[in-house]
Amino acid sequence: MTSSFEAAQRARSWLFAPGDSEKKMDKARGSEADIVIIDLEDAVAEGEKPAARLQVRAFLEGHPAERHRLWVRINPIQTPHALLDLAAIMPGRPGGLMLPKPRGRADVERLDHYLTAFEASNGDMERQTAVIIVATETPEGLLATGSYADMPRLAAMTWGAEDIATALGATTNREADGRYGFTYELARTFCLTGAAIAGVPAVETIHGDFRDEAGLAALAAKVRQDGFRSMLAIHPAQIPVINAAFTPTAEECAAAQEVVDLFAANPTLGTIGHKGAMLDRPHLVRAQAVLARARG
């Protein structure tokens, strides 16, 4: 059976679904999303959270064979809601959790301690619950993105531009042409770099207009080129576009295999000329990564 940590490594797409709508949760589960994130944070109004928690637990209990791809976004660890979320949903054995608004390593360690206790009380779950963090939503978190090396349970890192813009007092996080401003492009870069330090996949944030397939495809291609391994989605219609963008093409695989075969045929050489370029170990590692992604 696939573990949640393996699912995070292989994922191309992560689809949000509000935790107060069984219909939308089930629609997300039935999509081609590699991981579904059931949301108890922003998607659920304050007064509806107690009922949503019970609904999410029932949903998880109803689909045990898919637990590796059914994750839950809890409320921030610094709020009273976080423990209530965990108490309600952990008996349902979610595959993983998304932690929003961490202020640094200590918040993720605190979640690890909570999960250790909840896993023990729910039987035979030791260290099975993976965690993805939204690393850039607080000023402290933005400056702590490089602090998560060897972090227990951490399976992926993503970023967000809305909460950090609010925290910084910005009136907008976009330039006139629609691109993110410098500060938010920096947040994206910090996430990518922090994920590399932690040894986990970097996950691109959402593309807010789910009708803009061309814009989504262009963004996904760009961030994949930069090093992101997958992307968040807000609507099932975005999933085919994202999955295609983060799946190596036949042409990419053929080119990567050429590089791998070339180095295999010349094991004593550190640098090899190929099609007018000089290739060395970084080229080999990148080619091997393409083939590994294609194998899933």
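Helices H11 and H12 lie oblique to each other, on a scale where angles under 35 degrees count as roughly parallel, over 145 as roughly antiparallel, 65 to 115 as roughly perpendicular and the rest as oblique. The structure is a predicted model, in which local features need pLDDT of at least 70 and side-chain atom pairs count only at pLDDT 80 or more, while totals for chains, interfaces and linings use all residues. Residues are numbered from 1 along each chain as its sequence is written, and side-chain values use heavy atoms, with hydrogens and water left out. Helices (H or I, at least four residues) and strands (E, at least two) are DSSP runs, numbered from the N terminus.

**The barrel and its strands**

- Eight strands close into a barrel in the order E1-E2-E3-E4-E5-E6-E7-E8, with parallel pairing, where two strands pair if DSSP finds at least two bridges between them.
- Neighbouring strands of this sheet are turned against each other by 30 degrees on average, with direction ignored.
- In general, strands of a sheet pair through backbone hydrogen bonds, and the pairing is either parallel or antiparallel.
- Strand E1 (residues 13-18) pairs with strand E8 (residues 230-233) in the parallel sense over three bridges, and Ser13 has Met231 of E8 as its bridge partner.
- Strand E2 (residues 35-39) and strand E3, the latter covering residues 70-73, pair in the parallel sense over four bridges, with Trp71 in E3 as the bridge partner of Ile37.
- Both faces of E3 are covered, since Leu70 and Val72 on one side and Trp71 and Arg73 on the other are all buried; here buried means under 20% relative accessible area, exposed over 50%, and partly exposed in between (1.4 Å probe, protein chains only).
- Strand E4 (residues 96-99) is joined to E5 by parallel pairing over four bridges, and Met98 stands opposite Ile132 in E5.
- Strand E5 (residues 130-134) is largely enclosed by the rest of the structure, because five of its five residues are buried: Ala130, Ile132 and Val134 point one way, whereas Val131 and Ile133 point the other way.

- The axes of helix H4, which spans residues 81-89, and helix H5 (residues 105-122) come within 11 Å and cross at roughly 30 degrees; axes are lines fitted to C-alpha atoms, for helices over the stretch in contact, and angles run from 0 to 180 degrees between N-to-C directions.
- H4 and H5 are therefore roughly parallel to each other, and their crossing is right-handed; a crossing is left-handed if the near helix is turned anticlockwise from the far one by less than a right angle, and right-handed if clockwise.
- Leu83, Leu86 and Ala87 of H4 meet Leu111, Tyr114, Leu115 and Phe118 of H5, contact meaning heavy atoms within 4.5 Å.
- By class, the contact of H4 with H5 has seven nonpolar, no polar and no charged residues, where Ala, Val, Leu, Ile, Met, Phe, Trp, Tyr, Cys and Pro count as nonpolar, Asp, Glu, Lys and Arg as charged, and the others, Gly among them, as polar.
- Helix H3 (residues 49-61) packs on H4 at an angle of about 35 degrees with the axes 8 Å apart, and this crossing is right-handed as well.
- The contact between H3 and H4 is made by Lys49, Arg53, Val56, Arg57 and Leu60 of H3 and by His81, Leu84, Asp85, Ala88 and Ile89 of H4, and these divide into five nonpolar, one polar and four charged residues.
- Asp85, which lies in H4, counts as buried because its relative accessibility is 0%.
- Leaving aside neighbours within four places in sequence, Asp85 is in contact with Leu40, Arg53, Ile74 and Asn75.

**Helices H11 and H12**

- The axes of H11 (residues 250-265) and H12 (residues 281-295) come within 8 Å and cross at roughly 130 degrees, in a left-handed crossing.
- H11 contributes Glu252, Cys253, Ala256, Gln257, Val259, Val260 and Phe263 to the contact, and H12 contributes His283, Leu284, Ala287, Gln288, Val290, Leu291 and Ala294.
- The residues of this contact comprise ten nonpolar, three polar and one charged.
- Ala294, found in H12, is partly exposed, with a relative accessible area of 40%.
- Apart from neighbours within four places in sequence, Ala294 is in contact with Pro248 and Cys253.
- Ala294 and Lys275 are 19 residues apart in sequence and 24 Å apart in space, taken from C-alpha to C-alpha.
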